[in-house]
Amino acid sequence: MAMNAPGYALPCGRDVETAWERLDAVAAGLADAHERTCPHCQGAHASLVVLRDATAGLAADEEAPPPGLTGRIMAAVRAEVGRREILDLPCEEPGRARISEQAVASVLRFAADTVPGVRARRCRVTPAGDDRQAIDVHLTLAVGYPAFAATALAAVRERVTAAAGARIGVRLNRLDLLVDDIYPA
Amino acid sequence: MTKVTAGQTDLTVSYTPQVGSVSTELDDATLVARARDGDVRAYEGLVRRYEAPLFRLGLRMLASRGDAEDVVQEVFLTVWRRLGQLQDDGAFVGWLYRMTTNRCLNVLRARRPTVELAPDQHEEPAPGGQPERAAQTNAQVAALTGALARLTPEQRACWLLREVHGRSYDEIAVTVGATATAVRGRIARARAQLAEMMRPWR
């Protein structure tokens, strides 16, 4: 390696890192007197320009992962999904109908997402006391700023309540909303 | 106003809510929060978003598509299992890069001592227009890929994370277990060596 470890000083006493930091200045014609005449600095400059161009090429390279990688990852993930709380659904015929907390949470999050300026985040669903067909929900939200309007939380409450009844068939006993983040919108 | 109503919401639609008339992809923190609740589709959104850059990091570290794919699969499965341990939803992406880097370093340590890495990538379709320039750029990128294989794995990791993947010095420092100052030094040395190896191209 022609460059001297460890400081990578050039034979003229300057170092490669300085040449790197001054790449744009030198390219813009702002080279100092030394840089204008020193072959070592000029050589380092030329090499670093090549490196910078090639680096940009590497960063822009969109070489794709093998097809099906997403599917293989998700198959492994789905095999490990642990179902938490299971809720009973109303069922008038003999037999049982049950739904996982995750499934309920997904439906309720979608309902909240339909309100402009609102993104549902965490959603905890628990049975409300002994009533296996009523739920308590704790829903965390991010709201878009400045798109968010004060009336939006009332709309979230309305739509989540409606979705619990109409989409899932359980009664929403209690809904706690927590706005804990904002996003630009 | 949104046109989506509760009645039209479908569990299979993608995560693209309508905000006003602007269609916005959900931010990482929202997807991470949902994934922590066990929402597999939200996690899939994160996998789709980050598998490609992580695969490319693995490919440049390991110079093997198969090994890079294995690393990315392991990382996403491990992260799914450990999502509950994540304190801050916003730290998720840094965590992905950290785990990917460390897995790659482990793979390299487990290989037979320094078999010279022969990169098997760089069959790059030329973007339209300026074919000569594109060919020149491709050749330079291939040369750089070859030069990278001659750095130490730790140097290569630091340089790639910073210069190609745009990660912060602080994050890289945590990843490789060094101070941010040491990371800056490693990257400077890597840059000087790479520039020297790119000399024939100037």
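In chain A, strands S4 and S5 run parallel and are joined by 12 bridges. The structure is a predicted model.

- S3, S4 and S5 of chain A form an open sheet of 3 strands, in the order S3-S4-S5.
- The pairing in this sheet is mixed.
- S3 and S5 of chain A are the edge strands, and each of them pairs on one side only.
- From one strand to the next, the twist averages 15 degrees.
- A:Tyr145 has A:Pro184 of S5(A) opposite it.

**Helices on the sheet**
- H6(A) packs on the sheet and touches S3 and S4 of chain A.
- The direction of H6(A) makes about 140 degrees with the direction of S3(A).
- H7(A) also packs on the sheet, where it touches S3, S4 and S5 of chain A.
- The direction of H7(A) makes about 135 degrees with the direction of S5(A).

**Contact between the chains**
- In chain A, 60 residues are in contact with 60 residues of chain B.
- The chain A elements that give two or more residues to this side include the strands S3 (118-128), S4 (131-145) and S5 (171-184).
- Helices on that list include H1 (16-21), H5 (69-78), H6 (101-113) and H7 (152-168) of chain A.
- Helix H4 (39-60) of chain A is also on the list, and H4(A) gives the most to the side that touches chain B, with 13 residues.
- By type, the residues on the side of chain A that touches chain B are 35 nonpolar, 10 polar and 15 charged.

Definitions and conventions:
Residues numbered from 1 in each chain as written. Chains lettered and ligands numbered in written order. Predicted model: local features only at pLDDT ≥ 70, side-chain atom pairs only at ≥ 80, totals over all residues. Contact = placed C-beta atoms within 7 Å. Helix = DSSP H or I, 4+ residues; strand = E, 2+ residues; numbered from the N terminus. Nonpolar A, V, L, I, M, F, W, Y, C, P; charged D, E, K, R; others polar. Pairing = 2+ DSSP bridges. Axes fitted to C-alpha atoms, helices over the stretch in contact; angles between N-to-C directions.
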